[in-house]
Amino acid sequence: MLNEGYENGWPGLLRLRGQLSEQMQSFQVFKHREIFNPLIARGRPQKAIAEELKSDCIALGSEYQAFHWQWANADVKARWAEYRLSGMKMMTTIRKSLLEQDEVVRKLALA
């Protein structure tokens with residue numbers, strides 16, 4: 001949608017942003033309750049790693065919220081090129097963070 005231009009991309013992006021926000025919040029709650037908190041309860045060495053993962057997860061959520069609020073009342077049509085780059089950067093950040101978390105959690109699960 002970011003490659004379609006403002007007129008074609010923006011309406012779909014508005015829907016997707018809302019869905020992404022809801023899904024990220026739900027996934028964050030799930031990860032904390034089902035993954036990070038049980039690992040923290042196990043104690044060392046998992047505790048320190050899980051606490052860092054939890055902190056990184058919270059930071060990612062905050063970063064996404066900042067992105068969302070930055071553009072919530074902006075004139076996206078006039079700033080489409082900037083929004084497009086900002087959106088691609090945010091997508092890359094989310095993907096990278098989730099992949100890193102997944103890799104660490106899988107290693108901890110095998111430990």
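Residues are numbered from 1 along each chain as its sequence is written, and side-chain values use heavy atoms, with hydrogens and water left out. Because the model is predicted, local features need pLDDT of at least 70 and side-chain atom pairs count only at pLDDT 80 or more, while totals for chains, interfaces and linings use all residues.

**View 1. Helix H1 against helix H3.** H1 covers residues 6-42 and H3 residues 80-110; helices are DSSP runs (H or I, at least four residues) numbered from the N terminus. Their axes come within 12 Å and cross at roughly 25°, an axis being a line fitted to C-alpha atoms over the stretch in contact, with angles from 0 to 180 degrees between N-to-C directions. H1 is therefore roughly parallel to H3 (angles under 35 degrees). The crossing is left-handed (the near helix is turned anticlockwise from the far one by less than a right angle). H1 contributes residues including Trp10, Leu20, Phe27 and Leu39 to the contact, and H3 residues including Trp80, Ile94 and Leu108; contact means heavy atoms within 4.5 Å. The residues of this contact divide into 15 nonpolar, one polar and three charged (Ala, Val, Leu, Ile, Met, Phe, Trp, Tyr, Cys and Pro count as nonpolar, Asp, Glu, Lys and Arg as charged, and the others, Gly among them, as polar).

**View 2. Helix H2 against helix H3.** The axes of H2 (residues 46-72) and H3 come within 11 Å and cross at roughly 165°. H2 and H3 are therefore roughly antiparallel (angles over 145 degrees). This crossing is left-handed. Among the residues that meet are Leu53, Cys57, Tyr64 and Trp71 in H2 and Tyr83, Gly87, Met90 and Val104 in H3. The residues of the contact divide into 13 nonpolar, seven polar and three charged.

View 3. Ser21 lies in helix H1. Ser21 counts as buried because its relative accessibility is 13% (buried means under 20% relative accessible area, with a 1.4 Å probe and protein chains only). Leaving out residues up to four places away in sequence, Ser21 touches Tyr64 and His68.

**View 4. Surroundings of Trp80.** Trp80 is found in helix H3 and is buried, with a relative accessible area of 12%. Residues up to four places away in sequence aside, Trp80 touches Met1, Leu2, Gly5, Tyr6, Trp10 and Leu13. Gln23 is 57 residues from Trp80 along the chain, and their C-alpha atoms are separated by 25 Å.

Conventions. Helix = DSSP H or I, 4+ residues; strand = E, 2+ residues; numbered from the N terminus. Parallel < 35°, antiparallel > 145°, perpendicular 65-115°, else oblique. Buried < 20%, exposed > 50% of the residue type's maximum accessible area, 1.4 Å probe, protein only.
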